[in-house]
Amino acid sequence: MSTQKGKTIIGDDRFYDIIELDYQDAIQQGDIISKIHAWDIQGAVIKNVLSESEVNEVIQNMAKIPTEAILHTDTGTSFPDPFATITNGGERLDNYINKKNILYSLPFTNLLEKIDAFFSSIETKIKSEVPELKTRSTPAVPGNFRVLPEEKGGLFVHCGYLFQKKSPFYYEVVSDMVKEGQLSYFMVLQNADEGGELTLYDMLWKDIQDKDNFIENRYVLQPNGEKLYLKDVRQFYIKPNPGDIFIFSGGPIWHRVEPVKGQDRITFGGFVNFSADSKTCYYWS
Ligand SMILES: O=C(O)CCC(=O)C(=O)O
């Protein structure tokens, strides 16, 4: 595994306010999620949430994930299943819960505890937890492993509000959570040898709300139906190091992951938002 640490924010034209700070400093601030949710800043790279040896342990334990529990997608693999797989009731929701139970049966206790501690410590004004699934009286999945290999094309351009539009059922089955201001988070576990940067586009949901199809990665559709090519949109890149977490306003901001070269890009991540009464910060996938 390559352990070289590189620059995490790449590009001179930084039209979003993305802060970069060490985990201890983020804890001192204590209101990072509120700030992103309020659009005071658009994201934060929080460094060294897991140490190098803790990251290596997670990567090694990923070999213990049963092959049949891994979901193969157009972009690589996911474990456990992401919320977007729940497009109806019944069987798919059961499958989502079964995969979550497999996650908790594997030796990922340290990772999952650190993720819980991360949310509780960077947002101290309100409590943080994984939301409950209303119809099953069990919590949702806190996040999932995403593996992007070289042979796939990265992660196609999207934003969280697009997922909300495409997977409305999920938002009905989780306990009262607002949809406005959804954030994304991910911890990098392994970077690709080359590529795999997260691209942030100067393009917001209020202006662009459609694509031709999920895997389209060259253009999005403007309200008048005309194509807007991504190469013509201002952009800059985020490439956190293993053990860092990037949390950002992924609901409204269109983004994608660049194609990967060499070793797989591996992250663990999900989404973040507040409860309807603003008393709880929820994270899930
Ligand atoms: O790198 C990842 O895990 C994907 C991040 C992302 O695109 C998202 O959370 O919406």
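## Ligand shell

The shell around the ligand is made up of 4 nonpolar residues, 5 polar and 1 charged; Ala, Val, Leu, Ile, Met, Phe, Trp, Tyr, Cys and Pro count as nonpolar, Asp, Glu, Lys and Arg as charged, and the others, Gly among them, as polar. The model is predicted: local features need pLDDT of at least 70, side-chain atom pairs count only at pLDDT 80 or more, and totals for chains, interfaces and linings use all residues. Residues are numbered from 1 along each chain as its sequence is written.

Surrounding the ligand are Arg146, Leu155, Ser184, Phe186, Leu198, Gly250, His255, Val257, Thr267 and Gly269 (near means a C-beta atom, placed from the backbone, within 6 Å). Strand E11 (183-190), strand E18 (253-257) and strand E20 (265-274) each give two or more residues to this shell. Strands (E, at least two residues) and helices (H or I, at least four) are DSSP runs, numbered from the N terminus.

## Open sheet

An open sheet of 5 strands runs in the order E1-E16-E13-E18-E10, with antiparallel pairing; two strands pair if DSSP finds at least two bridges between them. Strand E1 (9-10) and strand E10 (155-158) stand at the edges with a single partner strand each, so one side of each has no neighbour in the sheet.

E1 pairs with strand E16 (residues 235-238) in the antiparallel sense over 2 bridges. Ile10 stands opposite Tyr237 in E16.

## Whole chain

The chain has 7 helices and 21 strands. Its C-alpha trace spans about 45 × 40 × 40 Å along the principal axes. Of the 285 residues, 39% count as buried (20 or more other C-beta atoms, placed from the backbone, within 10 Å of the residue's own).

Note on methods. A residue is buried if 20 or more other C-beta atoms lie within 10 Å of its own, exposed if 12 or fewer, and partly exposed in between; C-beta atoms are placed from the backbone.
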